[in-house]
Amino acid sequence: MGGQDDKSTLIIWDTETGKAVLGAPLGQKDTILKAKYFNKTDERLLAITNNSIQIIIIEKAAKKIRTMGIALGNLKRKFTCLEIDANDQYAYCGTTTGDFLEVNLERAIFKRVGPVKTLFSQGVTAISLLPNGDIVVGSGEGKVAKVSIQTMQLKFQTEVLGGVSSMTFTGDYTHFFLGTNQANIYWIEADQLKAELRNTCHHAKINDIVFPYNYSDVFATCSVNDIRIWNAKNRQELLRIQVPNLECYCVAFMNDGKSVLGGWNDGKIRSFFPQSGKLMYVINDAHIHGVTALATTSDCTRYFFLTFS
């Protein structure tokens, strides 16, 4: 599906032949953000734009495409994500407001809003359905919640690092993988939403990487907000040292391995314990424009630092 420049043209492709089968402009004023086929037919899709929910009907015999808007009444929302139940009776559409709408697909009308008396900060960014009908939602603030389909009340809730960007369930729906915009992947148990961090990496540029002296089993990297120490054999994160709202330009190990040094954009050098990540000491006003390089002496009694404007 295209955007405003081509009147939101929908093109249907045959995946076996790689050829376009059907195409027509939908005439939408807004760009279509996401679309999903119905589960029991390949002649209907549900699509969301910034401000509307559309049922797209494909008439293959007549080679036509038409749309039918979901009646929302006086309700105004900006939509972010969607999910359709297994029977194609209801759809659930997340919004930037922090709630989601349940719509009746057979009658093409809005039914109710959830969760009851709860809004998710930074909007609902991912939504999925469990076999019993309960709704799992993820938000831009990093909250994951399970909502009862009967009462629209929260049943369980947990938090992850970063805004939720995607969810994928196992075949039996007992667990699911969840990704965040801070490059974290979680393995979450679907019943009570017990979360386990499975994999992670920096979500912004990596400014420096260093191994300890004469030791290759671990290494350290630094990026925006943090220093991370990694197991070089299994590529798993061992320790994360965070300084909010600051960028770490460089990182170094003392040769004896008893401290990790970081040069930061506020002009300070900070030293941390490598096992706990706790702050050991701070050198203030090391450089005006931030410390961009560090080097330690072999006897661990002093080190050098530089800045490049």
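Colleague: Where does K63 lie?

Modeller: This is a predicted model, so please keep that in mind throughout. K63 lies in the loop between β5 and β6.

Colleague: Why is K63 called exposed?

Modeller: Exposed means over 50% relative accessible area. K63 has 61% relative accessibility, so K63 counts as exposed. The backbone of K63 is worth a look too: its phi is near 55 degrees, a positive value in a residue other than glycine.

Colleague: What makes Y173 partly exposed?

Modeller: Buried is under 20%, exposed is over 50%, and partly exposed is in between. Y173 has 35% relative accessibility, so Y173 falls in between and counts as partly exposed. You will find Y173 in the loop between β15 (164–169) and β16 (175–180). Y173 has a positive phi of about 60 degrees, although Y173 is not a glycine.

Colleague: How do you know that K258 is exposed, and what does K258 touch?

Modeller: The cut-off for exposed is over 50%, and K258 has 58% relative accessibility, so K258 counts as exposed. K258 sits in the loop between β21 and β22 (260–264). Not counting residues up to four places away in sequence, K258 touches F272, P274 and M280. The C-alpha atoms of K258 and Q275 are separated by 8.8 Å, and these two residues are 17 residues apart along the chain.

Colleague: Let us turn to the strands. How many helices and how many strands does the chain have?

Modeller: The chain comes to zero helices and 26 strands. Four of the strands form an open sheet in the order β3-β4-β5-β6, and the pairing is antiparallel.

Colleague: What makes β3 and β6 edge strands?

Modeller: β3 (34–37) and β6 (64–69) each pair on one side only. Neighbouring strands of this sheet are turned by 25 degrees against each other on average, direction ignored.

Colleague: How do you know that β3 and β4 pair?

Modeller: Two strands pair if there are at least two bridges between them. β3 and β4 (residues 44–48) have four bridges, so they count as a pair, in the antiparallel sense. As an example, the bridge partner of K36 in β4 is L46. In general, strands of a sheet pair through backbone hydrogen bonds, either parallel or antiparallel.

Colleague: What is the strand order in the open sheet of six strands?

Modeller: The order is β19-β20-β21-β22-β23-β24, with antiparallel pairing. The edge strands here are β19 (206–210) and β24 (279–283), and each pairs on one side only. The twist averages 20 degrees from one strand to the next.

Colleague: What makes β20 and β21 a pair?

Modeller: The rule asks for at least two bridges. β20 (residues 218–231) and β21 (residues 237–253) have six bridges, so they count as a pair, again in the antiparallel sense. Within this pairing, I229 stands opposite L239 in β21.

Colleague: Which residues touch the most other members in the largest nonpolar core?

Modeller: They are L46, I53, I55, I70, F79 and L105, in a core of 17 residues. The elements that give two or more residues to this core are β4, β5 (53–59), β7 (79–84), β8 (90–95) and β9 (100–104). Apart from this core lies another one, of 15 residues, among them A220, C222, F253 and W264.

Colleague: What is F79 in contact with?

Modeller: Leaving aside its neighbours within four places in sequence, F79 is in contact with several residues, including L33, I48, I53, L72, C93 and L101.

Colleague: How does the radius of gyration of the chain compare with that of a compact globule?

Modeller: A compact globule of 309 residues would have a radius of gyration near 19 Å, but the chain has 25 Å. The C-alpha atoms fill a box of roughly 80 × 40 × 40 Å, taken along the principal axes. Buried residues make up 44% of the 309 residues.

Colleague: One last point: which peptide bond is cis?

Modeller: The bond joining G114 and P115 is cis, with omega about -10 degrees. P115 is found in the loop between β10 (109–114) and β11 (124–129).

How values were computed: Residues numbered from 1 in each chain as written. Predicted model: local features only at pLDDT ≥ 70, side-chain atom pairs only at ≥ 80, totals over all residues. Heavy atoms only, no water. Axes fitted to C-alpha atoms, helices over the stretch in contact; angles between N-to-C directions. Rg over C-alpha atoms; globule rule 2.2 N^0.38 Å. Buried < 20%, exposed > 50% of the residue type's maximum accessible area, 1.4 Å probe, protein only. Core = buried A, V, L, I, M, F, W, Y, C linked by side-chain atoms within 4.5 Å. Contact = heavy atoms within 4.5 Å.
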